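Here are some comments for a colleague who is looking over this fold.

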Amino acid sequence: MKNENFKRTKGLATAVFRIPEPSIAGTASSADSPASLCVLCGDNQPDLVDVQRGYRIVECRKCGLVYLDPPPLPAFLVQSYQAYLPDDPDGVANWNRMMDGLYRSARRRLIARFPAGGRLLDVGCAYGGFLEMMKKAGWQVEGIEVAAAAAAACRRRELDVHAVALAEAQWPADRFDAVTLFYVLEHVPDPLGGLRKIYEAMKPGGLLIVRVPDTTPLAKFLKRIGRRNELYDPPYHLFDFSPAVLTRLIEQAGFRNVRMEIDAATRPRRIGPRLLSLTATMIGRALQWLTGGRFLLRGVSKTAVAEK
Ligand SMILES: [Zn+2]
């Protein structure tokens, strides 16, 4: 999803923003050193899925988690994100339009569960579109966003947003009724640690909403037919989660009643990706509905909903 934004960013800000080269990217180790451990199951014998922009993407043989190996250093990532969401009106409008369907869907969910309102944390809140929507609905809202320009844009609109990574953020226990992560978990260096931290910050009975891409089936297909692609958007997507892996990850962090849904479509700015997104989502939703919720079309982004 952020590929779309990445391409646009590249066009607007080439002078300040280049695709980092893995050789200078502060990777944790060299490419021929032993594979790093799977953060979900601890195995270290992954299969190679693809190499994109010089980064190796591997799949854990034991649990199926897909990850960049070796991972970029956290400090390098924070640096890389500074130009990821530039603070320009066009960027903000495009981003909010792309995410609008998902934001509305999450709003419906939160209002249905907490009719009297509540306190929301949006992790990786980008330009604050969802926070603004929920604030208008009477909620108390807070966000974190590692891209400093986007965080500043949020604060200008009087949103309580801190430019900090999930690993550095701190909240009192039992603070939030709901926590949302829209296309964020795949960017977090320690997704299990991050979800555990979120769990602690949530009230019992709180609702977690996690939206992630499901890139691997598409990447494998394109590789098989010999088409190069950069769908993992390295170094940004550190992980790719199948529905089974995401469910396991969320449960391992302590949450219960994990449900996976195709949910609403994103609306990328360019017509090609937009039609693809709308069509694939429509087919995915139809198949999920026809099978009583059992069949989840792979290759299409998913929303996980879980409870503390
Ligand atoms: Zn594993």
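1. Across which strands does helix α3 lie? Helix α3 (residues 89-113) lies across β7 (176-182), β8 (202-212) and β11, and runs at about 160 degrees to β8. Here axes are lines fitted to C-alpha atoms, for helices over the stretch in contact, and angles run from 0 to 180 degrees between N-to-C directions. Helices (H or I, at least four residues) and strands (E, at least two) are DSSP runs, numbered from the N terminus.

2. Please keep in mind that this is a predicted model, in which local features need pLDDT of at least 70 and side-chain atom pairs count only at pLDDT 80 or more, while totals for chains, interfaces and linings use all residues. Residues are numbered from 1 along each chain as its sequence is written.

3. An open sheet of seven strands has the order β6-β5-β4-β7-β8-β11-β10, with mixed pairing; two strands count as paired if DSSP finds at least two bridges between them. At its edges are β6 (160-162) and β10 (256-261), each of which pairs on one side only. From one strand to the next, the twist averages 15 degrees. Strand β10 is joined to β11 (residues 302-307) by four bridges, and these two strands run antiparallel; methionine 260 stands opposite alanine 304 in β11.

4. A further open sheet is formed by four strands in the order β1-β2-β3-β9, with antiparallel pairing. Because β1 (47-52) and β9 (239-240) stand at the edges with a single partner strand each, one side of each is left without a neighbour in the sheet. Five bridges join β1 to the antiparallel strand β2 (residues 55-59), where valine 58 is the bridge partner of leucine 48. Helix α7 (residues 216-224) lies across β1, β3 (66-68) and β9, and runs at about 80 degrees to β1.

5. Helix α6 (residues 191-201) packs with helix α8 (residues 243-252) at an angle of about 50 degrees, their axes being 8 Å apart. The two helices α6 and α8 are therefore oblique to each other (angles under 35 degrees count as roughly parallel, over 145 as roughly antiparallel, 65 to 115 as roughly perpendicular and the rest as oblique). Pro191, Leu192 and Leu195 of α6 make the contact with Leu249, Ile250 and Gln252 of α8, where contact requires C-beta atoms, placed from the backbone, to lie within 7 Å.

Conventions: Contact = placed C-beta atoms within 7 Å.
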